[in-house]
Amino acid sequence: MIYPQTFAEEIADNIKPIAKYGCLAMCYLYCVGIEDTLEMIRIISDCMKKGILDNECTVTNARRYLQYVTGKNYDVTKEQFNDLKKVKGYPVRYVYNGRGHWVVVDNGKIVFNSLINSQCVTKGKPDTKDNTRVIKLAR
């Protein structure tokens, strides 16, 4: 059972970093099938409290993060894609004016964006170095 008031108290300290820096953490969750907004925030908050994500919501170890969340082992590699049509459901970093934002791209189209309006996406372009995180179940 979820207790909404307790849930709100628990995430209150973590919510600002999630809102400001949580895009990559949310993209990873989307890629492994977690699409519910409240569930994403709950998981990310829990991972921040446990040190799996840092206090600014940075994913420092994607394999550890995904293993904790799913119980499965994933290989996560940084790759560069010049043609986003070749990206098959992975996080891609867009940059604009010195800032970055992660979204999930599939066949050249953005299928998940944690922000309703991101200047990095609307005015920017994919990062020119290691712009994609390729996620695959480990063998």
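The model is predicted, so local features need pLDDT of at least 70 and side-chain atom pairs count only at pLDDT 80 or more, while totals for chains, interfaces and linings use all residues. Residues are numbered from 1 along each chain as its sequence is written, and side-chain values use heavy atoms, leaving out hydrogens and water.

**Exercise 1. Cysteines**

Find how many disulfides the structure holds.

Solution. 
- Apply the cut-off: a disulfide is a pair of cysteine sulfur atoms within 2.5 Å.
- The count is zero disulfides.
- Check Cys 31: the nearest cysteine sulfur, on Cys 27, lies 6.5 Å away, and Cys 31 is in no disulfide.
- Check Cys 120: its nearest cysteine sulfur belongs to Cys 23, at 8.4 Å, and Cys 120 is in no disulfide.
- Now classify by relative accessible area: buried is under 20%, exposed is over 50%, partly exposed is in between (1.4 Å probe, protein chains only).
- Cys 120 has 8%, so Cys 120 is buried.
- Cys 31 has 27%, so Cys 31 is partly exposed.

**Exercise 2. Helix 4 against helix 5**

Describe how helix 4 and helix 5 cross.

Solution. 
- Helices (H or I, at least four residues) and strands (E, at least two) are DSSP runs, numbered from the N terminus.
- Axes are lines fitted to C-alpha atoms, for helices over the stretch in contact, with angles from 0 to 180 degrees between N-to-C directions.
- Angles under 35 degrees are roughly parallel, over 145 roughly antiparallel, 65 to 115 roughly perpendicular, and the rest oblique.
- Helix 4 and helix 5 are therefore oblique.
- Contact means heavy atoms within 4.5 Å.
- Helix 4 contributes Ile 43, Ile 44, Asp 46 and Cys 47; helix 5 contributes Tyr 65, Tyr 68 and Val 69.

**Exercise 3. Helix 3 against helix 5**

Describe the packing of helix 3 and helix 5.

Solution. 
- Helix 3 covers residues 23-31; its axis is 11 Å from that of helix 5, at an angle of about 50°.
- This pair is therefore oblique too.
- Ala 25, Tyr 28 and Leu 29 of helix 3 meet Ala 62, Tyr 65, Leu 66 and Val 69 of helix 5.

**Exercise 4. Ile 135**

Solution. 
- Ile 135 sits in strand 6, residues 132-137.
- Its relative accessible area is 11%, so Ile 135 is buried.
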